Amino acid sequence: MTLARHEPFPDIARQREADRFGMVVFLASEAMLFGAVVMGLFALRTFEPAAFAATSQRLNLVAGSVNTAVLLTSSLLVAIGAEARAGDRLRLAKWMLAAAALLGLAFLAIKGSEYLQEYGEGLMPGVGPKQDFATPAARMFMDGYFVATGLHALHVTIGVALLAGCAWRLRGDDPPSVVGIGNVGLYWHLVDIVWVFLFPILYLSR
Amino acid sequence: MRVGRLVFTWAALLMLLSLTIASSFLPIGEWRQVINFAIAIAKAALILWIFMQMREEAALVRLAVVVAAVLLLVLGSLLAADYGLRSPSPYVRIDAAR
């Protein structure tokens with residue numbers, strides 16, 4: 001593995017650390033964004049435990065669980081891909097990142113089918129012919145659900161584009177750098193961590 | 001290549017996922033939420049430490065992660081203090097909607 005040194009860094013190690021540090025600071029700001037949403041859900045669960053639990057039960061637990069496994073598996077593939085890139089095994093890295101991007105698409109497809117199901121059951125606040133909320137708190141839970149999962153799905157979409165772009169560029173003579181692929185990987189892992197917290201709060205608060 | 005460690009971590013993550021789903025069916029009341037949250041933190045720690053390679057990163061990068069965790073803790077503490085310590089008042093009604 002070879003990395004080109006750029007100004008103003010005195011050596012490669014310092015440059016690599018700065019690249020990584022910048023990415024982690026950005027990811028920390030993402031964690032603040034999702035953290036606020038999660039705290040909101042915690043507050044709602046504290047004050048309306050019954051409505052929160054009853055509405056949580058109406059979500060599709062199987063789809064949510066499968067989606068968690070899909071994201072965890074895609075994270076594994078991205079981690080292997082980053083290792084492969086660092087070891088100059090470009091073909092392996094390319095296939096790993098492409099497969100991870102496909103799993104990301106699978107996640108979005110399953111999420112979309114859940115949204116469709118919730119639309120049909122009247123669980124989409126303010127949208128659709130039917131509205132089936134027992135209490136204002138039940139509607140607030142679904143508001144929080146769509147804000148949290150929608151924001152997360154947006155991040156998955158961006159992540160899929162990044163992974164697919166990296167896989168595409170790994171075919172040619174100008175592959176992304178080790179640090180570049182590492183940073184895209186970090187982004188994908190953060191998306192995974194966010195889901196790891198959203199899943200139990202939304203789906204398992206029975 | 002250290003694929004073995006990554007695959008082992010992935011297996012552990014899936015095991016924790018099964019555990020969190022199974023525990024949510026146990027008749028142990030509020031403890032389920034505590035267990036679920038603890039498992040989520042364990043999963044996040046595994047992803048951070050192994051997949052995100054924080055075990056190999058420099059102190060500066062690790063510190064950025066710790067700062068994020070501490071700030072979230074501050075946010076949670078202030079939120080809990082705000083809602084938890086409110087007392088009935090003629091001026092503030094949390095349950096005005098009902």
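Trainee: Which residues of the largest nonpolar core touch the most other members?

Mentor: This is a predicted model. Its largest nonpolar core has 72 residues, and A:L97, A:A100 and A:L163 touch the most other members.

Trainee: Which elements give two or more residues to this core?

Mentor: From chain A they are α1, α2 (49-56), α3, α4 (90-120), α5 (136-169) and α6, and from chain B they are α1 (3-23) and α2 (31-51).

Trainee: And where does the largest share come from?

Mentor: That is α6(A), with 16 residues of this core.

Trainee: Back to A:L97, what is it in contact with, leaving aside its neighbours within four places in sequence?

Mentor: A:L97 then has contacts with A:V78, A:G81, A:L163, A:C166, A:A167 and A:L170. A:L163 is also one of the residues that touch the most other members of the core.

Trainee: Is A:A138 buried or exposed, and why?

Mentor: A:A138 counts as buried because it has 21 C-beta neighbours inside 10 Å, and the cut-off for buried is 20 or more.

Trainee: What does A:A138 touch, not counting residues up to four places away in sequence?

Mentor: You'll find A:A51, A:A54, A:T55 and A:F133 on that list. There is also A:A50 to look at: it lies 88 residues from A:A138 along the chain, yet their C-alpha atoms are separated by 9.3 Å.

Trainee: Let's look at helix pairs. At what angle do the axes of α3(A) and α4(A) cross?

Mentor: They cross at roughly 165 degrees, and the axes come within 8 Å. Angles over 145 count as roughly antiparallel, so that is how α3(A) and α4(A) run relative to each other.

Trainee: Is the crossing of α3(A) and α4(A) left-handed or right-handed?

Mentor: The crossing is left-handed. The residues of this contact divide into 19 nonpolar, six polar and three charged.

Trainee: Last one: how many residues of chain A are in contact with chain B?

Mentor: There are 35 from chain A, in contact with 36 residues of chain B. On the chain A side, the elements that give two or more residues are α1 (12-47), α3 (61-86) and α6 (178-203).

Trainee: Which one gives the most?

Mentor: α1(A) does, with 13 residues. By class, the side of chain A that touches chain B has 21 nonpolar, nine polar and five charged residues.

Definitions and conventions:
Residues are numbered from 1 along each chain as its sequence is written. Chains are lettered from A and ligands numbered from 1 in the order in which they are written. This is a predicted model: local features need pLDDT of at least 70, side-chain atom pairs count only at pLDDT 80 or more; totals for chains, interfaces and linings use all residues. Two residues are in contact if their C-beta atoms, placed from the backbone, lie within 7 Å. Helices (H or I, at least four residues) and strands (E, at least two) are DSSP runs, numbered from the N terminus. Ala, Val, Leu, Ile, Met, Phe, Trp, Tyr, Cys and Pro count as nonpolar, Asp, Glu, Lys and Arg as charged, and the others, Gly among them, as polar. A nonpolar core is a set of buried Ala, Val, Leu, Ile, Met, Phe, Trp, Tyr and Cys residues joined through C-beta atoms within 7 Å. A residue is buried if 20 or more other C-beta atoms lie within 10 Å of its own, exposed if 12 or fewer, and partly exposed in between; C-beta atoms are placed from the backbone. Axes are lines fitted to C-alpha atoms, for helices over the stretch in contact, and angles run from 0 to 180 degrees between N-to-C directions. Angles under 35 degrees count as roughly parallel, over 145 as roughly antiparallel, 65 to 115 as roughly perpendicular and the rest as oblique. A crossing is left-handed if the near helix is turned anticlockwise from the far one by less than a right angle, and right-handed if clockwise.
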